[in-house]
Amino acid sequence: MGGTRFRLFVQPPYEDDFSRPEIITVSSPEGSLRVGPSDDSMYVIVPDRKSRPYGLNIGPLGTPFLYLPPWQGRIVAPAVPDRRGNFDHYRPGMPGFEAAHAFGCARFTLDIWENYLGHSLAWHFSDHYDRLEIDILSDWNNAQYGYGFLELGSQTDADGRTLPFSLDFDIIAHEVGHAVIYGVLGVPDAENEYPEYLGFQESFADSVSLIAAMHFPSVVENVLEQTRGNLYLANRLARFSEFSPHRQIRSANNKRTMAEFVHGWKNEHDLSEPLTGAIFDSLVDIFHENLVARGIIAPEVAALADVAQSDSSLESPLQDMFDVAFARDPDGFGEALLDARDVMGMYLAETLRTLSPDLLDYGDVAGAMLAADRMHSGGEFSDLLDGNFRRRGIGELHAGRRLRPRRKDSERRFTRTLTPGQGDYLPNLSFRERRMIFFER
Ligand SMILES: [Zn+2]
């Protein structure tokens with residue numbers, strides 16, 4: 001019995017006019033998925049008129065209250081499996097396509113990371129819920145993962161078009177990344193949460209998304225074709241995490257170091273960049289080492305690639321060398337890249353398994369990755385990992401205090417870690433306010 005087929009966009013259709021969904025098979029045994037889609041671990045719904053996201057909310061009369069799944073109201077446009085149990089009969093624009101797409105992207109990302117982890121993911125909310133509820137909310141301009149839920153809103157572009165996040169693989173995979181962190185690493189005690197834990201959350205979630213995207217055959221093919229294997233100039237891969245305005249301005253291929261954050265920081269997405277940058281650089285360096293080890297490029301070319309990052313006059317001769325080598329052995333490039341992807345995936349999974357969420361800083365992350373490298377390869381990539389962490393000041397310089405914490409940010413964070421029991425500490429809603437909330441729907 002095979003898996004279950006979905007049609008998935010790796011780039012949302014509204015980012016790229018040429019983007020076409022690809023038929024992807026996920027691990028759910030054919031015939032095992034039900035309407036929704038749903039199975040024993042998660043379900044997708046499109047709630048009918050859900051007016052607010054889950055989490056800590058403020059009622060119409062100003063009283064804070066906790067809003068958690070399951071959704072009790074009506075739902076619209078669930079996706080129904082075909083006779084054999086697949087969902088690839090849903091095509092863009094059909095009712096049910098968004099629900100099928102959201103489920104397929106979440107399951108695809110989980111398949112990849114469960115494979116690196118070596119076991120299936122236990123939800124961090126399993127004390128209270130058996131299944132993750134994935135909601136598609138068209139009127140909400142955000143996406144979030146929290147206690148028992150993953151919610152996908154949408155944004156509106158300048159022409160007034162709705163761009164649903166349910167069609168954005170990167171955003172779904174990023175939120176699943178948070179689920180993986182909470183499920184494996186866990187949640188720190190409030191008094192033991194370091195700023196770098198928050199940066200690590202965003203960095204790891206971006207890495208989950210990046211490495212999952214590299215499992216679409218078309219992504220690796222396109223990246224190699226466009227760059228001829230010169231990944232420092234990779235546009236598609238490096239830009240992958242900054243496609244949506246929702247994700248703010250960030251990119252895996254950045255130059256930021258911890259020195260920028262020593263005197264304080266405002267936003268965990270910015271703070272995540274030095275770590276994400278070091279991870280991306282290491283992925284590219286491991287790829288180059290693989291190319292050298294396979295005799296596909298000369299060691300001098302790999303060395304030149306390092307120098308060219310800070311000397312733009314070398315970019316053009318470097319590209320010429322990659323063009324020649326790539327034309328000679330495109331398949332070798334592909335294998336070397338997939339191998340580097342899997343080394344990084346395994347190291348990150350191992351890092352998550354060995355770290356503790358309390359008092360976590362980037363130095364711990366670097367130490368755990370180096371230990372993973374010693375375990376898996378006897379330290380083959382230790383020098384390059386160490387060099388990339390050092391260059392970013394990781395483990396040496398630490399994030400200072402948070403400057404001007406925005407209320408929205410802290411609410412959002414609370415939303416991820418809250419549990420149903422915390423509602424006991426909130427004031428009771430009056431009958432009147434409860435009624436108003438009910439009729440809002
Ligand atoms: Zn995030």
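Strands β3 and β6, the latter covering residues 132-136, pair in the parallel sense over 4 bridges. Within that pairing, Val 44 stands opposite Ile 134 in β6. This is a predicted model, and I will come to its confidence values at the end.

The pair belongs to an open sheet of 4 strands, in the order β3-β6-β8-β7, with mixed pairing. At the edges are β3, residues 42-45, and β7, residues 143-146; each has a single partner strand, so one side of each has no neighbour in the sheet. On average, neighbouring strands of this sheet are turned by 10° against each other, direction ignored.

Two helices lie across these strands. Helix α1, residues 97-117, lies across β3, β6 and β8, and runs at about 140° to β6. Helix α2 lies across β7 and β8, and its angle to β7 is about 20°.

Staying with α2, which spans residues 169-184, I would pick out Phe 169. Is Phe 169 buried or exposed? Phe 169 has 28 other C-beta atoms within 10 Å, and the cut-off for buried is 20 or more, so Phe 169 counts as buried. Which residues does Phe 169 contact, leaving aside its neighbours within four places in sequence? They are Leu 8, Phe 9, Val 10, Cys 105 and Ala 213. There is also Gln 11, which is 158 residues away from Phe 169 in sequence, while their C-alpha atoms are 6.8 Å apart in space.

Next, helix α11, residues 382-391. Leu 385, Asn 388 and Phe 389 are buried there. Viewed down the axis of α11, the buried residues fall within an arc of 100°, so they line one face of the helix. What do the buried residues of α11 pack against? They pack against α6, residues 273-293, and α10, residues 362-377. Just after α11 comes Gly 393, with a positive phi of about 75°.

Now some backbone details in the loops. Gly 36 and Pro 37 are joined by a cis peptide bond, with omega at about 5°. Pro 37 sits in the loop between β2, residues 22-26, and β3. Pro 69 and Pro 70 are also joined by a cis peptide bond, with omega of about 5°. Pro 70 is in the loop between β5, residues 64-67, and α1.

The loop between β5 and α1 also holds Ala 77. Ala 77 is not a glycine, but its phi is positive, at about 45°. Ala 77 is partly exposed, with 15 other C-beta atoms within 10 Å.

Arg 228 is another residue other than glycine with a positive phi, near 55°. Where is Arg 228 placed? Arg 228 is in the loop between α4, residues 217-227, and α5, residues 268-271. Around Arg 228 there are 19 other C-beta atoms within 10 Å, and that makes it partly exposed.

Last, confidence. The average pLDDT of the protein is 87, and 89% of the residues score at least 70. Over which residues does pLDDT stay under 50? That stretch is residues 235-250, for which the model has 38 contacts beyond four places in sequence. Where pLDDT is low, the predicted coordinates should not be read in detail.

Notes:
Residues numbered from 1 in each chain as written. Predicted model: local features only at pLDDT ≥ 70, side-chain atom pairs only at ≥ 80, totals over all residues. pLDDT = per-residue confidence, 0-100. Contact = placed C-beta atoms within 7 Å. Buried ≥ 20, exposed ≤ 12 C-beta atoms within 10 Å, placed from the backbone. Arc of directions from axis to C-beta. Pairing = 2+ DSSP bridges. Axes fitted to C-alpha atoms, helices over the stretch in contact; angles between N-to-C directions.
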